[in-house]
Amino acid sequence: MHTAILFLELGGVLLGLGVLGALALRVGISPIPLYLLAGLAFGQGGILPLATSEEFIAVGAELGVILLLLTLGLEYNADELVSSLRSNARGGIVDLVLNAAPGAIAALLLGWGPVAAVAMAGVTYATSSGITAKVLSDLGWIGNRETPVVLSLLVFEDLTMALYLPILTALLAGLTLLSGAVTVAIALATVSVVLLVALRFGRFIEAFVASPNSEVLLLKVVGLALLVAGLAQQLQVSAAVGAFLVGIALSGELAEDARALLSPLRDLFAAVFFVFFGLQTDPGAIPPVAALAAGLALISMITKLLTGAYAARRAGIGKAGRARAGIALIPRGEFNIVIAGLAVGAGVHPDLGPLAATYVLILAAFGPLAARLMQPLITSIAKRA
Amino acid sequence: MEIEQTALPGIGLKHEFTTRSGRRVGVISHRTGRRDLIIYDVSDPDRACESVKLNDEEADALVELLGAPRIVQRLNDLHREVEGLVSLQLAIADGSPYAGRPMGDARVRTRTGASIVAIVRGAQVIASPTPDFTLAGDDVVVVVGSPESTSAVAEILAHG
């Protein structure tokens, strides 16, 4: 009986997500905001609360985060990370300062305390590389000359995450200053060691993982990622970062094959993850923070526009290209929810979850739309100039 | 002419250059093997106004269309520039002693002083073939050299 209800609920949720995804595809927006809305509807205080499958969805959501970060890591190889770190450090730091500030300042002004400020800084900082990549390819911007600038900012952000997530995890664990510092030190050392190993000895890992059989390859890659993620979590480094680093260590054709094998799995569990975040959020808590979220979204849209304009100008891009670089950076999505999810799990502040959910709802939906709507405007600017 | 190469992390590589008439053209090589031919906007030179997706076969076809006539043209230019230099297009007969053997076996340059600069096989042009390139019947060998040396090559390819 229990199994029957579990299947009924899970099947209903996944089928519903599929229908929502089709709708998003038709309208031309990212499905992420719709998944979040679905989660809100299924959660406590929602329209159709789930009874038995929440436990499974919770585990599925954890897997979703691991797979999201693993496939993100597979997109890059260690050389690309290092070279983009070298050539775009300036733009990356401007990005970090300008876009972490709105969240951190908002949290401090609300009196949520320093830990919440660090978490909110992450929520407003990270651009969704998934949504941005999709915007770039949908609008045919991949060939544009500002696109390498945008991509290298995304790479910089992802690398920053590898350092930020361990720090946040340590802070959220509520450690004392001393043991917190020790944990952060361990975290940073681990990340640097893994990066170094990936750079120098990546081919040994690849030789171990490689297999002409796709089944073997899938099991090896997922197994390795989960093992490292678990180990990282044990060391308080954050499981997600462990998986990200495994992804970076693998490169070339192997990474290409692994990504193709993993992407259906990732799509399934990432959707579950967004639903789970929605589940944890009480829809009744959203209206009080809606205005705040909208204000924060507006401010951080402006800061991303400034970031894009600055970085593109440094690369010698014209006015229209600078505007496009900024617009491409607006969407927020998976990372912001991952960060907010960590903070919500640790019970930082009851309003943080609803605020982050609303914020991402706005920017994940509006980001791609903004790009589409602004395109003719930018073109006319360029024609006049 | 300067070709600019840019890495696109997570996507692949981009090569671009500006033509003498001021148009900017580029090619994106995706890691998946897909190629995009990019043409930039005149009024907004940072924007790709045209992007044409090419698969392997289409990219090859485009290369041939652009490349093959260029080789013939370059040969003609060479004639005009250097007096006394001729190029011959020699078909390899099925009975040729070199059909099915590496080109290096004929030791054309050592024996005659002429050079094999290209081989035309069907619609394909192989420019600057290496000595280990295996000749086949119906290949057309393009040789460049003095009138005597090129006719010596014709003799070698026909009778050994």
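In this predicted model, the contact between the two chains draws 21 residues from chain B and 23 residues from chain A. Three residues of chain B, namely B:Pro9, B:Arg31 and B:Asp46, together account for 36% of the area that chain B buries against chain A, a share that exceeds that of any other three residues. The area buried between chain B and chain A comes to about 1,800 Å², and carbon and sulfur atoms contribute 52% of that area.

Polar and charged interactions also occur across this interface. Between chain B and chain A there are three salt bridges, one of which may be described individually: B:Asp44 is paired with A:Arg324, with the closest N and O atoms lying 2.9 Å apart. Nine residue pairs are found in polar contact across the interface of chain B and chain A, with both residues of each pair at pLDDT 80 or more. On the side of chain B that touches chain A, the elements that supply two or more residues are strand E1 (4-8), strand E2 (12-18), strand E3 (24-30) and strand E4 (35-40) of chain B. Of these, E1(B) gives the most, with four residues. When the residues on this side of chain B are sorted by class, nine are nonpolar, four are polar and eight are charged.

Taken along the principal axes, the C-alpha atoms of chain A fill a box of roughly 70 × 50 × 45 Å. Of the 385 residues in chain A, 52% are buried. Among contacts in chain A between residues at least 6 apart in sequence, 82% join residues that are at least 24 apart.

A:Thr303 is found in helix H13, which spans residues 286-314 of chain A, and A:Thr303 counts as buried because its relative accessible area is 10%, where the cut-off for a buried residue is under 20%. Once its neighbours within four places in sequence are left aside, A:Thr303 is in contact with A:Leu98, A:Asn99 and A:Pro102. With A:Asn99, the side chain of A:Thr303 also makes a polar contact, side chain to side chain, at 2.7 Å.

Key:
Residues numbered from 1 in each chain as written. Chains lettered and ligands numbered in written order. Heavy atoms only, no water. Contact = heavy atoms within 4.5 Å. Buried area = accessible area lost by both parts, 1.4 Å probe. Salt bridge = Lys/Arg side-chain N within 4 Å of Asp/Glu carboxyl O. Polar contact = N/O pair within 3.5 Å; in protein donor to acceptor, adjacent residues only side chain to side chain. Nonpolar A, V, L, I, M, F, W, Y, C, P; charged D, E, K, R; others polar. Buried < 20%, exposed > 50% of the residue type's maximum accessible area, 1.4 Å probe, protein only.
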